[in-house]
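Hi,

Here is the structure I promised to pass on. Have a look, and my notes follow below.

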Amino acid sequence: MEKELLTTTTGSVTLNVTAGKIDSYRRKDETQNTVRVYEDGKIGVAGSLGDADWEALTAAAVEALSNGITYPCNLEANQGELDASCGILAGEEFLPAMQRLLDRITAECPRFGISNKIQLARFTTTYQNSKGASLKASDAYLLLSLVFQNKGAGNLYDCAYGAQLRAYDEDAVVADCKKLHDAFYTDVDIEAGEYPVLCGFFDVLGSAI
């Protein structure tokens, strides 16, 4: 019988932004464990959350072989590690860096009220199998979902800035927000009629955070 062990750990910190200031945050951590066993051309799978009891999971996966699910087993003994999270903020830097960003956007976009969410998410997956494989991969991204309100207008929001970044550049984010600000307050003569409208996925379905 051949066996695979997989663990995926995800962690996120989500900041709530009101009037250009971070007023609260939510932290979420989760670990998913999976055992897959192969015997006589069949696969059995079992999983759990939190700390892993590998013996219990393996026993449950072996029991699942009785379901008779056909699946090829082509395991290899690869070994390696990849960390693609180096371009993003470290955990202890996150909150002060995001407040500094908000302060700069407020200064560059003085007629905007700023609110909504910012999230830092990290992922690590490890893989081992009975052939001797040992693999590890880590990644992270910064999700900015900022809503801008024309101060004094009474609207819920007037425009928004959204970005999912795997490498953080504070100057570039500030410059993007300033472009939105300046464009919003630039009058443009448009004749009455029908025009095509471009929008993004989150403009229609909302933010994931």
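Let's start with the helix pair: α2 passes α3 in a right-handed crossing (the near helix is turned clockwise from the far one by less than a right angle). Helices here are DSSP runs of H or I with at least four residues, strands are runs of E with at least two, and both are numbered from the N terminus. Bear in mind that this is a predicted model, where local features need pLDDT of at least 70, side-chain atom pairs count only at pLDDT 80 or more, and totals for chains, interfaces and linings use all residues. Residues are numbered from 1 along each chain as its sequence is written, and side-chain values use heavy atoms, without hydrogens and water.

On the α2 side, the contact (heavy atoms within 4.5 Å) is made by A97, R100, L101, R104, I105 and E108, and α3 brings in E170, D171, V173, V174, C177, K178 and H181.

Now α3 by itself: its 15 residues reach 21 Å from first C-alpha to last, close to the 21 Å expected at 1.5 Å a residue (that is, 1.5 Å times one less than the number of residues). Buried in this helix are E170, V173, V174, C177 and H181, where buried means under 20% relative accessible area with a 1.4 Å probe, protein chains only. They sit on the same side of α3 because they cover an arc of only 95 degrees around the axis, taken from the directions from the helix axis to the C-beta atoms. Their cover includes α2, β5 (112-129), β6 (134-150) and β7 (159-165).

Elsewhere, D83 lies in strand β4 (residues 79-83). D83 and K136 are 53 residues apart in sequence, and 8.2 Å apart in space, C-alpha to C-alpha.

Cheers

Methods. Buried means under 20% relative accessible area, exposed over 50%, partly exposed in between (1.4 Å probe, protein chains only).
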